[in-house]
Amino acid sequence: MIRYIIRRLIWAVGLFLAVTLIGFVLFYLIPADPAKFACGRACTQVMVDRVAHYLGTDRPVYIQYLRFLGRLMPLSLHHGLHLKSPDLGQSFVNRQSVNSIVANAAPQTASLVLGGMVVWLMIAVPVGVLSALRPRSVLDRLSMTGVLIGISAHPVWLGLIFSYFVGYRWHITPIANYANFFHPLYGQPGGPLQWAYHLILPWLTFSILFAAVYVRMIRANVMETMNEDYVRTARAKGAPESRVMFQHILRNAMLPVVTMLGMDVGLALGGAVFTETVYSLQGLGYRTISALNNYDSPTVLGILVFSTTAIIVMNLVVDLLYAWIDPRIRLS
Amino acid sequence: MALLEVKDLKTYFSTGDGVVKAVDGVSFSIEKGETLGIVGESGSGKSVTCLTIMGLNAKRNTISSGQALFKGEDLLTAKPSRLRELRGNEIAMIFQDPMTSLNPVHAVGKQLVEAVQLHSDLSKQQARGRALELLKQVGIPRADRRIDDYPHQFSGGMRQRVMIAMSLINNPDLLIADEPTTALDVTTQAQILALIERLQAEYNSAVIMITHDLGVVAEIADDIVVMYAAEVVEGGSVDDIFHSPHHPYTWGLMGSLPRLNADVERLAQISGQPPSLLRPPSGCRFHPRCPYVMDICRTVDPELKPTPGDAAHLQACHLDEATKEQEAARLLGAVSGVSS
């Protein structure tokens, strides 16, 4: 078990290096000079060169990459070996620390994605199971139609419809902004209740696509598992239907769902661009887009580092969880 | 009163192509402590008969009629809750494929404990003790350690032992074994059969053994029911069936048994295929494959009736008694050793 985790962590370092390297090279390949952008329109070539030197973009790309890695290292060799906190550098555009940009944006995305996951599971598990129990029933047909709509409807469109009707016309929920769970800024709404209140529409918008995909997946898995011999064995033992469903069918039908969940959540933690944009949530996706428009590579790379870590961690969690729920998997 | 008496049992499945008459008027009975063998080809309705008795057919698209009286109580009209009380408690079942019949995500001990606790108020510890006792009885080595292992850590034969332990854990009066040895290799088959026989004696359970293997029923059955195309064609004691079989289909089954002491070029076989149960043949359902077919066989379905001189030996065939006796004697002469 420990060896497995160590091996996975070594893997993770390799993956991490590859992802950041590709990110770096991509920025280097873009035919645009970040120094020119950071300096502004009125700059002369001399001033641009000075800015480039200041930002470090005048150095070869491998030097820039090594510097980036050096800052990221939790160890420093300056004045003897000592621990330091990893530093993602500073934004090219406004010299803000990327650490703080990520630290501000990540909770918004995490709130959206993790809350959204709860919402989509709360929809998908009961609907998927009930449709599987009664295939071709009215409920099944309705849910399959819903799935089709959910998969086809774009989050931006859904977001606009929701905020127009629910927020603007009917005044039921706020239509934008994030309310901090713990420490709201002065004069702004905050606390758990306001947090959830502000996130109702984003959660719905974000989770509908996933809910649709998961309903279909859960329905298919449950229908397949219902025909397994061990389900008949459970009935032959005299187990009541509820026990057959929860102990014997769902336990097995949920195995592939857990895998998908880990991948989807990990991926979405990198930023739910559409939903964040519609509801003016300053999450990771939103930040990435605005940083990309300004050729602000430190910010984009910082978010990339964060989301890569999120995906790696989520996958590790899923693998460990899997070993626990499926005894046939042995981690070695 | 018989322990289980099945009367005119019918199970029809409605499918997209029409109604499949999987079981069509089957009757038999079994006494306490007795062993009944149900033999027949694949698709002859053996398994569906037993699943219907257990109430384990999918409810959707299934119509059952007739009676299955267990200690006088009709299982076909019993409430689902009553059936749940009986299943796994008074009537237990062992399935064909031990590789897929155990839940892969629960330890075998947990599955045994579940079987106990569904039917008694024993604590988890007591139920676990009972599970361990059963695992030892069915011959799982180092049962105290293996009780927490998962099904994939057991071999096929060991898994079938676990299934047997699970079925016997509540001392059932009736054990239905649906081809319990088909998926196992030959040496394991013999062990499993011996185990079922030994435990049957110990627990005094009645056993219905479904099989297509005549060797198996010859070894352990008291009575035999031969099924063909959803119907019973012959029934009686082991002696009746093996020493004076009266139905051409039974002759065919026996003729196709390989014999170690007979040097034959090729085994006799029943020509043709089992009929479709969507559109069974008119008259006697065996007539298209029967070498003794007469005109009457094509139109009139023979009734299952007692053989003259032996009321317990039932058969459904239009042939006259003399021919049957003669043919049976000839067959037994040709394949001497059937009864051994």
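B:M54 counts as buried because it has 23 C-beta neighbours inside 10 Å; a residue is buried if 20 or more other C-beta atoms lie within 10 Å of its own, exposed if 12 or fewer, and partly exposed in between, with C-beta atoms placed from the backbone. The structure is a predicted model, in which local features need pLDDT of at least 70 and side-chain atom pairs count only at pLDDT 80 or more, while totals for chains, interfaces and linings use all residues. Residues are numbered from 1 along each chain as its sequence is written, and chains are lettered from A and ligands numbered from 1 in the order in which they are written.

**Around B:M54**

- B:M54 belongs to helix α1 of chain B, residues 46-54; helices (H or I, at least four residues) and strands (E, at least two) are DSSP runs, numbered from the N terminus.
- Apart from neighbours within four places in sequence, B:M54 is in contact with A:A236, B:R87, B:I91, B:M93 and B:I176; two residues are in contact if their C-beta atoms, placed from the backbone, lie within 7 Å.
- The C-alpha atom of B:M54 is separated by 34 Å from that of B:S271, which is 217 residues apart from it along the chain.

**Where the two chains meet**

- Chain B gives 22 residues to the contact, and chain A gives 18 residues.
- On the side of chain B that touches chain A, α2 (80-86) and α3 (108-117) of chain B each supply at least two residues.
- That side of chain B is made up of ten nonpolar, seven polar and five charged residues; Ala, Val, Leu, Ile, Met, Phe, Trp, Tyr, Cys and Pro count as nonpolar, Asp, Glu, Lys and Arg as charged, and the others, Gly among them, as polar.

**Strands of chain B**

- Four strands of chain B form an open sheet in the order β2-β1-β4-β5, with antiparallel pairing; two strands pair if DSSP finds at least two bridges between them.
- At the edges of this sheet are β2 (18-30) and β5 (73-74) of chain B, each of which pairs on one side only.
- Eight bridges link strand β1 (residues 4-15) of chain B with strand β4 (residues 62-70) of chain B in the antiparallel sense, and B:V6 has B:A68 in β4(B) as its bridge partner.
- In a regular strand the side chains alternate between the two faces of the sheet.
- Strand β9 (residues 223-228) of chain B runs antiparallel to β10(B), and six bridges join them; B:M227 stands opposite B:V232 in β10(B).
- A hairpin is formed by β9(B) and β10(B), with two residues between them, and B:A229 in the turn has a positive phi of about 50°.
- On β10(B) there are also two bridges to strand β12 (residues 310-315) of chain B, again antiparallel, and B:E234 stands opposite B:Q315 in β12(B).
- Strand β10 (residues 231-237) of chain B is mostly covered, with six of its seven residues buried.

**Helices of chain B**

- Which helix is largely enclosed by the rest of the structure? Helix α10 (residues 248-255) of chain B is, because seven of its eight residues are buried.
- The buried residues of α10(B) are B:P248, B:Y249, B:T250, B:W251, B:G252, B:L253 and B:M254.
- The axes of α3(B) and helix α6 (residues 156-168) of chain B come within 9 Å and cross at roughly 20°; axes are lines fitted to C-alpha atoms, for helices over the stretch in contact, and angles run from 0 to 180 degrees between N-to-C directions.
- That angle makes α3(B) roughly parallel to α6(B); angles under 35 degrees count as roughly parallel, over 145 as roughly antiparallel, 65 to 115 as roughly perpendicular and the rest as oblique.
- From α3(B), the residues B:V108, B:Q111, B:L112 and B:A115 make the contact with B:V162, B:A165 and B:M166 of α6(B).

**Chain A**

- Chain A contains 14 helices and two strands, and 33% of its 332 residues count as buried.
- The C-alpha trace of chain A spans about 85 × 55 × 40 Å along its principal axes.
- Helix α5 (residues 98-133) and helix α14 (residues 297-325) of chain A pack at an angle of about 55°, with their axes 9 Å apart, and this makes α5(A) oblique to α14(A).
- In this packing A:V98, A:I101, A:V102 and A:A106 of α5(A) meet A:P298, A:T299, A:G302, A:I303 and A:F306 of α14(A).
- By class, the contact of α5(A) with α14(A) holds seven nonpolar, two polar and no charged residues.
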